[in-house]
Amino acid sequence: IGVNGQDLQNLKFKHLSSKNGLPNNSITNIFKDSKGFMWLGSEEGLYRYDGYDYITYKNDESDSHSISGNYIWYIYEDKDRNLWIANNNCLNLYNRDKDYFERYYINNDPQNKSIIYHLFEDSRKNFWIGTSNG
């Protein structure tokens, strides 16, 4: 796709910050999903932005369907358009229909201290997970 000078003159930018509603300015990850939502990971939670409003997702220890932790390291959408949120030792699968998270711990161990830094899905739909412990 080529861009000429006239196209660049028509670009418009919208700055997101705490001044216009962003709950936290410390963003660790940004991802646009297949539905057009912007997902913003931070050190203090996950935010979904629809162009107008934010929805905040934070850990609630009394709710097993809340996100497992507030420091968001990585956001990924797989080939089936499932949204995965990585933090510390857990992958959180977002259930769009029920608006909650399902947790998948490394080695099924909630006490594991690995941080999940990266996700990749290969052509066979296998997940490769990059962690702080290899």
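Me: What makes a pair of side chains a salt bridge?

Reply: A salt bridge is a side-chain nitrogen of Lys or Arg lying within 4 Å of a carboxyl oxygen of Asp or Glu. This is a predicted model, in which local features need pLDDT of at least 70 and side-chain atom pairs count only at pLDDT 80 or more, while totals for chains, interfaces and linings use all residues. Residues are numbered from 1 along each chain as its sequence is written, and side-chain values use heavy atoms, with hydrogens and water left out.

Me: Why is the pair R96 and D33 called a salt bridge?

Reply: The closest N and O atoms of R96 and D33 are 3.0 Å apart, and the limit is 4 Å, so the pair qualifies.

Me: How do you know whether D33 is buried or exposed?

Reply: Buried means under 20% relative accessible area, exposed means over 50%, and partly exposed is in between (1.4 Å probe, protein chains only). D33 has 4% relative accessibility and therefore counts as buried, whereas R96, at 25%, counts as partly exposed.

Me: What makes D33, E77 and R96 one network?

Reply: R96 also meets E77 in a salt bridge, at 2.7 Å from N to O, and salt bridges that share partners join D33, E77 and R96.

Me: Why is K125 called partly exposed?

Reply: K125 has 44% relative accessibility, so it counts as partly exposed. K125 forms a salt bridge with D80, with the closest N and O atoms 2.9 Å apart.

Me: How do you know that D78 has no salt bridge, and is D78 buried or exposed?

Reply: D78 is buried, and its nearest side chain of opposite charge, K125, is 7.3 Å away.

Terms used: Lys, Arg positive; Asp, Glu negative; His and termini not counted.
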